[in-house]
Amino acid sequence: MEANWNIISNFAIALLAIVNPVEKIPLWVQATKGGKQNFQWLLAGMIILSSAGILLIFLWFGHTLLTRLKIDLASFKIGGGLILLQFGFSMLKGTAIELGNERVDETADLTHQVLRRYRQVFIPIGVPVIAGPGAITTTIIYGYQSDSLLTDAILSLTLVGVLAILYVTLLFSPMIHKVTGDLPLNLISRVFGMVLIAIAVQFMVDGLTVVFPGWAG
């Protein structure tokens, strides 16, 4: 039993490009405002672990699940693109995460603080930003292409490794924010909002081209 390193290397590059840790910095700074370091670390860990669980499920069982539900990848791309499109517009307007004037209650138990903020920000940070249609579709495609259990195992480790890189990036986000201030991060957020809208449209176009092949000429 040998590992298919061509599939593994392509998967690593594709997933890293889609997850894109740098673009998560503005959202993460906004999502963790008012929280101390241990609060930020625990919240990041919970979001990353949840996202990893979702993506691992789709890596191992995604194609089977879609087949059982009689959903093809084209339809999944169209639906996922619509969700991503909505979030892209909210990033463009600066309303992706709205916590108002809420601050972390430092008198409350740390676990309670983290769980409360987790419920507020897992959507959209966990889904659809990290475990979104792009990442899910990528894991389904490469999981389906895998031809051995060893390749499956290494693909799983690769996925965990990419999310570990994202975790480290999130931990350093507050330091980056202190150096850059709000303006550059807000600008980055708006720019990535535009990129996200373009990606969402491309997902829908790809899906619609398969569903309606006449559109492709």
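I began with the term for axes: they are lines fitted to C-alpha atoms, for helices over the stretch in contact, and angles run from 0 to 180 degrees between N-to-C directions. This is a predicted model, so I noted that local features need pLDDT of at least 70 and side-chain atom pairs count only at pLDDT 80 or more, while totals for chains, interfaces and linings use all residues. Residues are numbered from 1 along each chain as its sequence is written, and side-chain values use heavy atoms, with hydrogens and water left out.

**Entry 1: α3 and α5.** I looked up α3 against helix α5 (residues 110–130). Their axes are 9 Å apart, at an angle of about 45 degrees. That makes α3 oblique to α5. For the classes, angles under 35 degrees count as roughly parallel, over 145 as roughly antiparallel, 65 to 115 as roughly perpendicular and the rest as oblique. α3 passes α5 in a right-handed crossing (near helix turned clockwise from the far one by less than a right angle; anticlockwise is left-handed). Helices here are DSSP runs (H or I, at least four residues), numbered from the N terminus.

**Entry 2: α4 and α8.** I turned to helix α4 (residues 73–93) and helix α8 (residues 182–211). I read an angle of about 160 degrees, with the axes 7 Å apart. α4 and α8 are therefore roughly antiparallel. The crossing of α4 past α8 is left-handed.

**Entry 3: α1 and α7.** Helix α1 (residues 5–19) packs on α7 at about 25 degrees, with the axes 10 Å apart. That makes the pair roughly parallel. α1 passes α7 in a right-handed crossing.

**Entry 4: T169.** I found T169 in helix α7. Is T169 buried or exposed? At 17% relative accessibility, T169 counts as buried (under 20% relative accessible area; exposed is over 50%, partly exposed in between; 1.4 Å probe, protein chains only). I also checked T169 against I25: 144 residues apart along the chain, their C-alpha atoms are separated by 7.6 Å.

**Entry 5: the nonpolar patch.** M1, I57, W60, F61, L149 and L150 make a nonpolar surface patch of about 680 Å². α3 (37–68) and α7 (149–180) each give two or more residues to the patch. The largest share, 3 residues, comes from α3. Patch residues have over 30% relative accessible area and no salt bridge, and nonpolar side chains are joined within 5 Å. A salt bridge is a side-chain nitrogen of Lys or Arg within 4 Å of a carboxyl oxygen of Asp or Glu. Areas come from the Shrake-Rupley method with a 1.4 Å probe. I57 is found in α3. At 49% relative accessibility, I57 counts as partly exposed.

Key. Patches are made of residues with over 30% relative accessible area and no salt bridge: like charges are joined within 9 Å, nonpolar side chains (Val, Leu, Ile, Met, Phe, Trp, Tyr) within 5 Å.
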